[in-house]
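Work through these exercises with the sequence and the model side by side. Try each task before you read its solution.

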Amino acid sequence: VEIVEGCRLPVRRKNQENEDEWPLAEILSVKDAPGKKLYYVHYVDFNKRLDEWVTPDRLDMKKLQFPKKEAKTPTKNGLPGSRPSSPEREVRKSLDLNVQSASAPSRGKTLPTPKRKAESVSLASQVSAATSVPSLPSSAEASQASVYPAVHEAFSTKSREDEQLASVTTNGTARRIPPSQPGRKRKNCGTDEMIKVFQFNSPRNASGCLPPGEDSQDSSDGIPSAPRMTGSLVSDRSHDDIVTRMKNIECIELGRHRLKPWYFSPYPQELTSLPILYLCEFCLKYLKSLKCLQRHMTKCNLRHPPGNEIYRKGTISFFEIDGRKNKIYCQNLCLLAKCFLDHKTLYYDTDPFLFYIMTEYDSKGFHIVGYFSKEKESTEDYNVACILTLPPYQRRGYGKLLIEFSYELSKVEGKTGTPEKPLSDLGLLSYRSYWSQTILEILMDLKSDNGERPQITINEISERTSVKKEDVISTLQYLNLINYYKGQNILTLSEDIVEGHERAMQKRNLRIDPKCLHFTPKDWSKRGKW
């Protein structure tokens with residue numbers, strides 16, 4: 001039996017416990033190697049970073065499923081070449097029309113087809129490249145924040161009566177609020193209401209009552225969202241073709257590290273057949289051989305990223321790089337980042353972005369650890385467009401350090417910020433964990449005044465942390481801290497939550513020191529500064 005592209009069958013692979021398992025996989029490509037055939041497989045319901053070339057002995061031929069032939073599409077009104085529109089197509093068409101008519105950029109120019117593709121938010125900061133991790137069916141289910149169970153020290157809220165709330169979102173699904181008890185008028189929560197702290201054992205049937213975060217990834221209600229035509233997350237439906245679904249780089253040597261890419265990256269075609277792609281770790285120029293790299297290193301004068309150093313504490317430094325002034329470096333950085341970010345499609349139009357590179361210093365220079373980018377002008381308060389910790393530095397706290405630094409910049413700018421949505425599975429894990437720790441830190445540090453319980457509002461939490469209100473609310477909802485009890489909306493903290501938070505903070509050794517930050521924000525609305 002000949003296996004062709006599109007076939008599905010079980011394929012043997014090792015799981016995290018180094019045990020054999022046989023997940024269902026799809027054959028994406030077949031190639032002839034000396035003496036045998038190789039098959040490129042994608043494990044169904046697993047993340048694409050686990051895709052790999054396998055030999056025939058790893059295939060279970062007994063359960064081979066051939067690709068189903070597609071039925072001929074009926075014509076619409078009997079006219080050749082046309083086909084009936086599905087409801088999904090009609091929705092997409094109307095959404096596209098609405099977006100095109102309502103998404104003219106602020107400079108007054110029309111934008112029929114954006115030149116810039118999507119730079120998606122992904123944070124690969126929790127899993128090392130050598131560890132096989134299946135993608136999460138729902139990122140919300142596997143957040144690190146789930147270490148905080150249910151509830152004990154509480155906060156009561158007074159509510160505004162003029163706000164109406166129909167449902168609360170939890171873990172990405174909307175649920176109806178239970179009806180109020182007879183004779184008791186239920187009030188709705190607002191973000192500027194005072195929160196009082198008091199001792200309380202949480203009721204069984206308490207239910208949350210804060211408005212769902214509009215920008216939060218948890219607030220999805222299943223309605224198809226219109227593709228945005230501005231910013232760095234422009235809809236791009238062409239990225240999932242058969243070429244970009246397959247990894248094209250075997251191995252990358254960056255300084256003293258060798259990295260195994262997770263995803264496709266559009267490096268020049270002639271470099272994709274090389275066993276190792278060599279990169280200069282300071283300017284990120286790609287070269288085809290070790291000899292070329294050694295020759296390049298005698299000419300390359302860089303020992304740090306080509307920008308302004310705006311932060312240094314110990315061996316950790318951050319450099320700010322303008323995507324217009326250092327275009328080649330930023331393009332090379334995007335090509336490298338694409339190896340570990342699935343949906344990133346911005347490579348060449350780097351002018352509208354600033355890049356913040358985190359480095360570790362030693363006697364040989366400043367070595368890149370990770371980076372994040374942000375738009376110079378964001379109409380939607382995005383403080384991160386794309387964020388990545390390189391695999392050799394993952395699971396060491398650098399991901400949270402990048403996130404913390406992005407919010408420190410927002411504090412200096414006097415704004416609240418949020419990462420571009422949607423977040424990747426690993427991105428959601430890290431952001432949820434950071435938001436949870438930051439908000440719990442604020443709540444646990446509250447002091448009582450005149451013997452009364454301390455008070456705080458959602459707005460005050462947002463202002464003190466620079467975390468957008470929608471993200472504060474969605475985090476409180478995710479942690480299941482919001483409850484309704486005896487006519488009041490309360491936030492409850494249990495001893496388990498407090499102990500879990502203290503354990504997590506003890507492990508978090510890397511923190512940003514605001515005193516070491518030397519950063520002056522610019523007004524990018526003036527075109528002359530671009």
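The model is predicted: local features need pLDDT of at least 70, side-chain atom pairs count only at pLDDT 80 or more, and totals for chains, interfaces and linings use all residues. Residues are numbered from 1 along each chain as its sequence is written, and side-chain values use heavy atoms, with hydrogens and water left out.

**Exercise 1.** Locate Lys468 and decide whether Lys468 is buried or exposed.

Solution. Start with the place: Lys468 sits in the loop between helix 6 and helix 7 (469-478). Helices (H or I, at least four residues) and strands (E, at least two) are DSSP runs, numbered from the N terminus. Next, apply the cut-offs: buried means under 20% relative accessible area, exposed over 50%, partly exposed in between (1.4 Å probe, protein chains only). Lys468 has 13% relative accessibility, so Lys468 counts as buried.

**Exercise 2.** Find which residues of helix 6 are buried, and how they are arranged.

Solution. The buried residues are Ile458, Ile461, Ser462 and Thr465. Look down the axis of helix 6: the buried residues fall within an arc of 100 degrees (taken from the directions from the axis to the C-beta atoms), so they line one face. Now step past the end of the helix. Ser466 follows helix 6 and has a positive phi, near 65 degrees.

**Exercise 3.** Describe how helix 5 and helix 6 pack.

Solution. First, the geometry. Helix 5 (residues 425-444) and helix 6 (residues 458-465) pack at about 115 degrees, with axes 11 Å apart. Axes are lines fitted to C-alpha atoms, for helices over the stretch in contact, and angles run from 0 to 180 degrees between N-to-C directions. Second, the residues. Thr438, Ile439, Ile442 and Leu443 of helix 5 meet Ile461, Arg464 and Thr465 of helix 6 (contact: heavy atoms within 4.5 Å).

**Exercise 4.** Which peptide bond is cis, joining Lys421 to what residue?

Solution. The cis bond joins Lys421 and Pro422, with omega about 0 degrees. Pro422 belongs to the loop between strand 21 (418-419) and helix 5.
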